[in-house]
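Dear colleague,

I am handing over the model we spoke about, with its sequence, so that you can look at both side by side.

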Amino acid sequence: MKCLLVTLVVFYALFALTFCSLQRQLLYFPQRASDVYGEMNASFVVDGVQLLGWVLNEGQPKALIYYGGNAESIEANIPLFKAVIPNYTIYLIPYRGYGNNVGTPTEKVLYRDAVQIFQSVKSKHDSVSLMGRSLGSGIATYVAANRQVDKLILVTPFDSIENVAKDIYWMFPVSWLIKERYRSADWVKDISAQTYIFIAGEDRVIPRRRTEQLIAEFGDQLVEVVVIMGAGHNTISQFPAYVSGLKRALD
């Protein structure tokens, strides 16, 4: 019996150490850029690193910056954005390590990159709105809390990655082990932007309670919560209700 207990403890410790060492690989799934939707035509230099991406509808007074999910090829949104949001200049800049960009994504680095890119975009436009999907919602909330943003659109968001990880890896002391926390709920008190939240009714990646906990932190700045019935975490953008909701938010 004692031998069995020792074996279980050893296996538990090994699994915990594995989670700790591989957690960033479990969170970030960089995708290579595709030229199917057109060549990259935007470039930002942040701390000496060039970040390449796409800019749509150049010359509009209002801008929208889009932050993608952890395994998303953000350029796949180009046809939808061109059709639905013609009155905004739209910036799609893959994170470090994503697309054709060098570097390694971490929470602190992605926050810093996003703020500096925001500053550059802001200098060219009358107003800037932000849109973040899944992982990108964590970055969008951070920027919105630290800069003056017009509108904030959060798609399949969470209160924190830490809490999402706790739900999945309940058997480990996640709060002691995790490095990438993305505590979006902590930033809400500093957000003044008009906010719209989109929930996938059949989301199997972000538990509904994680989104509801984030929603509970908002006050008057929350304009609308849209639940897209039948939509999954990765299919929400295929639903007409999502498209019409975006039009409403950015009208």
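This is a predicted model: local features need pLDDT of at least 70, side-chain atom pairs count only at pLDDT 80 or more; totals for chains, interfaces and linings use all residues.

Residues are numbered from 1 along each chain as its sequence is written, and side-chain values use heavy atoms, with hydrogens and water left out.

The protein chain holds 9 helices and 8 strands, where helices (H or I, at least four residues) and strands (E, at least two) are DSSP runs numbered from the N terminus. Of its 251 residues, 51% are buried; here buried means under 20% relative accessible area, exposed over 50%, and partly exposed in between, with a 1.4 Å probe and protein chains only. The accessible surface comes to about 12000 Å², with 56% of it belonging to carbon and sulfur atoms; such areas come from the Shrake-Rupley method with a 1.4 Å probe, and for residues only the protein chains shown count as cover. If one takes the contacts (heavy atoms within 4.5 Å) between residues at least 6 apart in sequence, 73% of them join residues at least 24 apart.

In soluble globular proteins, nonpolar side chains tend to be buried together. In this model the largest nonpolar core has 54 residues, and Y67, L130, V143 and Y182 are those with the most contacts inside it; a nonpolar core is a set of buried Ala, Val, Leu, Ile, Met, Phe, Trp, Tyr and Cys residues joined through side-chain atoms within 4.5 Å. Another core lies apart from it and has 28 residues, among them L92, V155, A249 and L250. Leaving aside neighbours within four places in sequence, L130 is in contact with several residues, including L64, Y67, F118, V143 and I153.

Strands β7 (residues 194–200) and β8 (residues 222–228) pair in the parallel sense over 6 bridges, pairing being assigned if DSSP finds at least two bridges between two strands. Between them the chain passes through helix α8 (residues 208–215), and this β-α-β crossover is right-handed, in that, with the strands pointing away from the viewer, the path from the first strand over the helix to the second runs clockwise. Within the pair, T195 stands opposite L222 in β8.

Which residues other than glycine have a positive phi near 55°? S134 is one of them; S134 lies in the loop between β5 (127–133) and α4 (135–146) and is buried, with a relative accessible area of 8%. N57, also not a glycine, has a positive phi of about 55°; N57 sits in the loop between β2 (49–56) and β3 (62–67) and is partly exposed, at 23% relative accessible area.

V49, in strand β2, is buried, with a relative accessible area of 17%, and touches F44, R96 and V102 when residues up to four places away in sequence are not counted. V49 and G103 are 54 residues apart in sequence and 8.1 Å apart in space, C-alpha to C-alpha. T141, in helix α4, is buried at 1% relative accessible area, and a polar atom of its side chain lies 2.9 Å from the backbone oxygen of G138. Residues up to four places away in sequence again aside, T141 touches L152, L154, S184, W187 and I191.

With best regards

Conventions. A polar contact is a pair of N or O atoms within 3.5 Å; within protein, one must be able to donate a hydrogen and the other to accept it, and residues adjacent in sequence count only if both atoms are side-chain atoms.
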